Amino acid sequence: MQAVIYISLACGTIEVEEEKVDIEVDRIIESLGFTEDTADHEKAQAIYDYVCDTVRYDKIHAKNPYYHLKTTAYAALINHTAVCQGYAVSLYRLFREAGLSARVITGMAVDPEEGTQQYHAWNIVSIDGSFYSCDATWDDITESRDYFLKCGEDFPDHIPDDEYLTDEFLRDYPMAEKSY
């Protein structure tokens with residue numbers, strides 16, 4: 001029987017940690033040097049590269065159900081280690097701070113290392129009015145950029161939870177028909 005891991009989108013951090021994350025998010029966005037002329041896809045690429053280059057998958061705590069910090073932006077942006085939810089909420093915070101519309105998406109995915117299906121979190125981000133899927137966790141683990149700004153057809157090993165497949169959700173978050 002396969003264990004199901006529950007991903008909670010609650011912050012999981014205390015106020016002082018959130019304050020540090022707020023400061024770090026501001027510092028990161030400022031360091032990326034965006035101007036009013038920076039295109040959305042350039043912002044998304046710079047933020048995505050930053051997260052993939054500075055965060056490492058938390059193999060030490062990944063299977064510890066009592067260590068919740070691994071799922072937070074604090075773990076990713078301050079400690080530089082996290083599991084998928086930590087990557088996803090960090091990207092969400094950074095995308096939003098840069099003025100991009102984004103969401104954290106949860107669902108099932110086939111693990112790229114083990115080939116097993118497990119609960120997972122990733123992001124969608126809007127570029128030019130369409131949403132694209134991106135998975136910084138997998139791109140970090142595989143040392144690639146194979147999961148960045150993808151359409152559904154090019155993201156088949158990620159199956160969103162039902163709430164992200166409704167007509168209402170897809171109307172509000174129209175997914176791109178082609179990868180960027």
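**Briefing: cysteines and overall fold of a predicted model**

The model is a predicted one, in which local features need pLDDT of at least 70 and side-chain atom pairs count only at pLDDT 80 or more, while totals for chains, interfaces and linings use all residues. Residues are numbered from 1 along each chain as its sequence is written, and side-chain values use heavy atoms, leaving out hydrogens and water.

**Cysteines**
- A disulfide is taken as a pair of cysteine sulfur atoms within 2.5 Å, and the count here is zero.
- The closest cysteine sulfur to that of Cys134 belongs to Cys52, and because the two lie 8.8 Å apart, they are too far for a bond.
- Cys151 is likewise in no disulfide, the nearest cysteine sulfur, that of Cys134, being 13 Å away.
- Cys151 is buried, with a relative accessible area of 2%.

**Secondary structure**
- Six helices and six strands make up the protein's elements, counted as DSSP runs (helices H or I, at least four residues; strands E, at least two) numbered from the N terminus.
- Their order along the sequence is α-α-β-α-β-α-β-β-β-α-β-α.

**Overall shape and packing**
- The C-alpha atoms fill a box of roughly 50 × 40 × 30 Å along the principal axes.
- Of the 180 residues, 46% count as buried.
- Among contacts (heavy atoms within 4.5 Å) between residues at least 6 apart in sequence, 59% join residues at least 24 apart.

Definitions and conventions. Buried < 20%, exposed > 50% of the residue type's maximum accessible area, 1.4 Å probe, protein only.
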